[in-house]
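Start with the structure below.

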Amino acid sequence: MEVAVIKYNAGNVQSVLYAMERLGVNATLTDDVEQIKKADKVIFPGQGEAKSAMKYLRERKLDQLIKELKQPFFGICLGQQLLCEYSEENDTECLGIFPIQVKKFPPLDKVPHVGWNNLENLRSPLLEGLDDSAYVYYVHSYYAEVDPKYTIASTHYLEDFSALLHKDNYYAMQAHPEKSSVSGEKILTNFLNL
Amino acid sequence: MLTKRIIPCLDIKEGRTVKGVNFVDLRDAGDPVELAKIYSDEGADELVFLDITATVDKRKTLVDLVTRVAKTINIPFTVGGGISTVEDVKVLLNAGADKISINSAAVKRPEVINEMAAEFGSQCIVVAIDTRSVDGVDFVHTHGGRMPTLIKTQGWAKEVAERGAGEILLTSMDHDGTKAGFANDLTSEISSELSIPVIASGGAGNMIHFKDVFTAGKADAALAASIFHFKEIAIPDLKGYLDKEGVSTRV
């Protein structure tokens, strides 16, 4: 199986590559259109700021490519937010795979939301073998709103937000599966088995 | 529900663990990667690696270590010790560290916090504050707590948060090594005042101390070294105890 990890100006993609290595999977970090197109699975990681990430993707036509892919696709963290329609972070139009808004947490408690929080309302083959006692590791200040049509798990911090999203071949997760111990490994394995 | 984090800290010198560890199931007590793996498997929520050599020529050893740790463990980890520039941060993040921690460099030139946060995002910038009480007033100390400054701890904590720190690692030099409990009053004061998470450090001696720092101390995470290294407290036992006491952790 060939896994392509999309190379763009996002931080710490190395940890996703290491996670694939631990699962015994050959993953390549690439921004080559042909290589991404022919991969069996595509991972879109992310850590960073929405506006500059979208600008980078557009300049390299990766935005169009992402919208056209047909194989299982997994957006992580900022990768999830960029798959939504719009982000409040620096007023950014995103890729629009999910018709969902990305909002900033209200300043009612500590922001960013940092640490281990559990998944709720799980419903997807991607989450097979997990239940609401599964904890995943979060570090984020912005979140995708819940949409009953696309939200396949939620997490509660100040608000209920979309922990994971699914539409057609597109999957996305706000937490970091590559840093979420056994729960994260389970989700990555399920994704690779799709 | 967002849970409280338990963070073992490993002191590293020239790529090896120091301060001693006493794990029966460890083949090589000096190998940080092996110790990291055990903690990760036992349910530690994060790890901190503090490089106490931290001289420029030893950097390569640290980068190699970070790479080995990142390849091995599946939980987040922070690297600190001698980090002073954006370039230092870039090298460690590229090697696979999730966060970096700065201390003396931030005191010396506070703008470096803004620069690092702008370049890499606040989420990976931890500012470590070593504090000691002098005649009842809390002052920031640098160089591993040896050098006093005239900066008041509470004001400094607020400033680093405003400059873009993502978390604060607050070490009480008055409590560190005493095993008499964390600095709950100061931790609570700072945690209540700030909108970023506070990791409490210094003084852990028993399980009650952890409960206290999460309740009275309002800490978001608690860090300790020797009590974990010498197996005085095992992480699964600590988490079981906290759960019974109504403090939720990831179990």
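How much area is buried between chain A and chain B, and what percentage do carbon and sulfur atoms give?

## Interface size

The model is predicted. About 2,400 Å² is buried between chain A and chain B, and carbon and sulfur atoms give 50% of that area. On the chain A side, K110(A), W116(A) and K179(A) lose the most area to chain B. Together they make up 29% of what that side buries. Chain A brings 25 residues to the contact, and chain B brings 34 residues.

## Polar links and composition

The interface of chain A and chain B holds 3 salt bridges. One of them joins E21(A) to K71(B), with the closest N and O atoms 3.6 Å apart.

Four elements of chain A give two or more residues each to the side that touches chain B: α1 (14-22), β8 (113-118), β9 (135-140) and α6 (181-192). The largest share, 6 residues, comes from β8(A). By class, this side of chain A has 10 nonpolar, 9 polar and 6 charged residues.

## Helix α3 of chain A

Helix α3(A) spans residues 50-59, and A50(A), A53(A), M54(A), Y56(A) and L57(A) are buried there. These residues lie on the same side of α3(A) because they cover an arc of only 160° around the axis. The cover over them includes β3 (41-44), α4 (62-68) and α5 (78-83) of chain A. The face turned away from the buried side carries exposed K55(A) and E59(A).

At the start of α3(A), a side-chain oxygen of E49(A) comes within 2.8 Å of the backbone nitrogen of K51(A). Just after the helix, K61(A) has a positive phi of about 60°.

Conventions: Residues numbered from 1 in each chain as written. Chains lettered and ligands numbered in written order. Predicted model: local features only at pLDDT ≥ 70, side-chain atom pairs only at ≥ 80, totals over all residues. Heavy atoms only, no water. Contact = heavy atoms within 4.5 Å. Buried area = accessible area lost by both parts, 1.4 Å probe. Salt bridge = Lys/Arg side-chain N within 4 Å of Asp/Glu carboxyl O. Nonpolar A, V, L, I, M, F, W, Y, C, P; charged D, E, K, R; others polar. Buried < 20%, exposed > 50% of the residue type's maximum accessible area, 1.4 Å probe, protein only. Arc of directions from axis to C-beta. Polar contact = N/O pair within 3.5 Å; in protein donor to acceptor, adjacent residues only side chain to side chain.
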